[in-house]
Amino acid sequence: MKGLARFEEFAQRVMEGSFARLLGSRLQPVEIAKGLAKAMEDHQTIGAGKVFVPNVYRVFLHPETFDDFVPFKGALERELAAYLADLAEGRGFAFVGRPRVTLQPDEALRRNRLRVEAQLADAAAMVLEGPLQLTQALRVEEIREAAAKRFVLLIEGREIPLNRPRLALGRSLDNDVILEDRSISRHHALLVRRYGRYILRDLGSANGTTVNGQPISECVLRDGDVIALGEVELIFRRLPAPAEEEAP
């Protein structure tokens with residue numbers, strides 16, 4: 001919260017007088033900061049023993065809202081990037097490059113609405129200074145490859161890599177993990193990654209979800225947990241990180 005409080009002080013200072021009256025009830029800078037924080041939380045990637053978050057953020061605004069921010073756009077973008085750096089440090093996240101924020105107009109958006117796009121950008125030969133320093137430059141592809149090997153579900157001898165922040169499980173074809181069994185609901189459960197762990201949520205399924213024999217509605221998974229969706233059994237495994245695999 002310290003980073004957000006500092007950002008709010010900046011916003012109040014830069015928007016004193018005419019700008020504050022101009023914006024009135026329109027979208028405020030702190031709402032942009034909160035939207036960026038949510039985008040960071042929703043786009044975590046686990047790899048190389050770290051939880052990586054996007055370092056490139058594009059904030060799309062209604063053209064009239066964008067015009068309101070034009071007089072101090074550069075300063076606002078820098079402060080938003082600094083806020084994300086503080087937030088990531090406080091939560092133990094890592095970047096592959098310095099966080100960058102850009103504001104852009106989008107005629108498709110309604111007034112007072114915003115849309116955030118976040119992505120990991122390649123950072124070959126880029127080393128950060130200070131508390132966010134990486135021991136080596138990592139390409140996005142390397143991080144994603146490591147992430148795909150970190151957590152898996154074992155189903156009847158098959159390994160299913162868990163390489164996304166959210167994975168839906170169920171019988172319907174629109175799920176990420178499709179389980180063709182009559183005891184499975186069409187949309188049975190959801191796996192959500194938070195702070196380097198996976199959380200399993202039952203989605204109101206007809207036959208329920210258990211972990212190690214105990215019925216659950218939501219549960220933080222641990223290595224070796226036995227999950228039952230209806231009559232289908234899965235095993236959650238956390239594999240050694242790449243650095244651990246190479247250790248003698």
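**Rings, a charge and a helix**

Start with Arg-115: its charged end sits over the ring of Phe-60, 4.2 Å from the ring centre. The criterion is NZ of Lys or CZ of Arg within 6 Å of the ring centre and within 35 degrees of the ring normal.

A word on the source: this is a predicted model, where local features need pLDDT of at least 70, side-chain atom pairs count only at pLDDT 80 or more, and totals for chains, interfaces and linings use all residues. Residues are numbered from 1 along each chain as its sequence is written, and side-chain values use heavy atoms, with hydrogens and water left out.

Now the rings. Rings of Phe, Tyr and Trp (its six-membered ring) pair if their centres lie within 6.5 Å; planes under 30 degrees apart are stacked, over 60 edge-to-face, the rest tilted. That rule gives 4 aromatic pairs. Phe-151 and Phe-236 have ring centres 5.7 Å apart and planes at 25°, so they are stacked. Phe-151 is in strand β6 and Phe-236 in strand β16, 85 residues apart; strands are DSSP runs of E, at least two residues, and helices runs of H or I, at least four, numbered from the N terminus.

Tyr-198 and Phe-236 pair edge-to-face, at 6.3 Å centre to centre and 70° between the planes. Tyr-198 lies in strand β11, so this pair ties together parts 38 residues apart in sequence. Phe-151, Tyr-198 and Phe-236 form one aromatic cluster.

Last, helix α3, residues 29-42: its 14 residues reach 20 Å from first C-alpha to last, close to the 20 Å expected at 1.5 Å a residue, that is, 1.5 Å times one less than the number of residues.
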